[in-house]
Amino acid sequence: MFYVCIMQIKIAQYVVSAPSFDKCPKPDKPEYAFIGRSNVGKSSLINMLTDKRALAKTSAQPGKTQMINHFIINNAWYIVDLPGYGYAKISQSSRRRWEQMIENYLRKRENLVNVFVLIDARHQPQKIDLEFIDQLGKWEIPFALVFTKSDKEKPGVVARNVQAFLEAMRNGDWEFLPQHFVTSAEKKKQAGMKC
């Protein structure tokens, strides 16, 4: 498992944007993928973790990430920025293509170690997020939850939303809950990322 608190990132560089999993870099280094609904703050979180403000491209326009973006860290492992899921304002054919690209990457990328699923902490549990992690469970893909944008809502609301999400998982088919973190890219906060 990847822990930010014990991993000092000294070098972080963009490598490639691939249109499919088989166009990704040679699978000879561990990969940690980041995914979530469009506009959940993936690029901002990656920039915060690497301490490079412009490493991953951020945009106010949802659906900006459209390929599988690789960043090499310390010349030893990759952070992978995946396209967001659930963005409605694209064509059905584009959505299907994205979904297939994401599924192929998640299920076939042999060096994928863990997926960090980003959840907007400002909102109560969303069906699309719960459905996505259920799918990860069916595919037996290891993942952790990262609740983002915690600075944009009152702490009590964030805490209730996080608890409600975990409770929704407990009420589903999850016997064991994944590790989870509460973050703020703006305030560079990673609550719960303990060693």
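Helices (H or I, at least four residues) and strands (E, at least two) are DSSP runs, numbered from the N terminus. By this assignment Leu45 sits in helix H1 (residues 42-50). The structure is a predicted model, in which local features need pLDDT of at least 70 and side-chain atom pairs count only at pLDDT 80 or more, while totals for chains, interfaces and linings use all residues. Residues are numbered from 1 along each chain as its sequence is written, and side-chain values use heavy atoms, with hydrogens and water left out.

## Overall layout

The chain has 4 helices and 8 strands. Read from the N terminus, the order of elements is β-β-α-β-β-α-β-α-β-α-β-β. Of the 195 residues, 46% count as buried (under 20% relative accessible area; exposed is over 50% and partly exposed lies in between, with a 1.4 Å probe and protein chains only). Contacts are heavy atoms within 4.5 Å. Among contacts in the chain with a separation of 6 or more, 74% join residues 24 or more positions apart.

## Nonpolar cores

A nonpolar core is a set of buried Ala, Val, Leu, Ile, Met, Phe, Trp, Tyr and Cys residues joined through side-chain atoms within 4.5 Å. The largest core has 36 residues, and those with the most contacts inside it are Tyr105, Leu106, Val115, Val117, Leu136, Phe143 and Leu145. Two or more residues of this core come from each of S2, strand S3 (68-73), S4, H2, S5, H3, S6 and H4. Another core, of 20 residues, lies apart from it and includes Phe34, Leu45, Ile46 and Leu49. In soluble globular proteins, nonpolar side chains tend to be buried together.

Leu145 illustrates the contacts of the 36-residue core. Not counting residues up to four places away in sequence, Leu145 touches Val117, Ile119, Ile133, Phe165, Leu166, Met169, Pro178, Gln179, His180 and Phe181.

Leu45, in the other core, has a relative accessible area of 2% and is therefore buried. With residues up to four places away again left out, Leu45 touches Phe34, Leu118, Val146, Thr183 and Ala185. Leu45 and Val146 are 101 residues apart along the chain, and their C-alpha atoms are separated by 9.6 Å.

## Aromatic pairs

The structure holds 7 aromatic pairs. Rings of Phe, Tyr and Trp (its six-membered ring) pair if their centres lie within 6.5 Å; planes under 30 degrees apart count as stacked, over 60 as edge-to-face and the rest as tilted. The rings of Phe34 and Phe116 are stacked because their centres are 5.1 Å apart and their planes lie at 25 degrees. This pair links distant parts of the chain, since Phe34 is in strand S2 (residues 31-36) and Phe116 in strand S5 (residues 112-120), 82 residues apart. Phe34 is buried at 1% relative accessibility, and Phe116 is buried at 3%.

Tyr85 and Phe132 also form a stacked pair, with ring centres 4.4 Å apart and planes at 15 degrees. Tyr85 lies in the loop between strand S4 (77-81) and helix H2 (92-108), whereas Phe132 is in helix H3 (residues 127-139), 47 residues apart. Tyr85 counts as buried at 9% relative accessibility, and Phe132 is buried with 12%. Ring pairs also link Phe34, Phe116 and Phe181 into a cluster.

## Charged side chains

A salt bridge is a side-chain nitrogen of Lys or Arg within 4 Å of a carboxyl oxygen of Asp or Glu. By this rule the count comes to 9 salt bridges, including those tabulated here.

| Salt bridge | N to O distance |
|---|---|
| Arg122 and Asp120 | 2.7 Å |
| Lys152 and Asp151 | 4.0 Å |
| Arg170 and Glu167 | 3.0 Å |

Asp120 is buried at 5% relative accessible area, whereas Arg122 is partly exposed at 28%. Lys152 is partly exposed at 43%, and Asp151 is partly exposed at 23%. Arg170 and Glu167 both lie in helix H4, 3 residues apart, about one turn of the helix.

Lys149 lies in the loop between strand S6 (143-148) and helix H4 (155-170). Lys149 is buried yet has no salt bridge; the nearest side chain of opposite charge, Asp120, is 4.5 Å away. For charge, Lys and Arg count as positive and Asp and Glu as negative, with His and the chain ends not counted. A polar atom of the Lys149 side chain lies 2.8 Å from the backbone oxygen of Asn39. Beyond its neighbours within four places in sequence, Lys149 is in contact with Asn39, Val40, Gly41, Asp120, Arg122 and Thr183.

Technical notes: A polar contact is a pair of N or O atoms within 3.5 Å; within protein, one must be able to donate a hydrogen and the other to accept it, and residues adjacent in sequence count only if both atoms are side-chain atoms.
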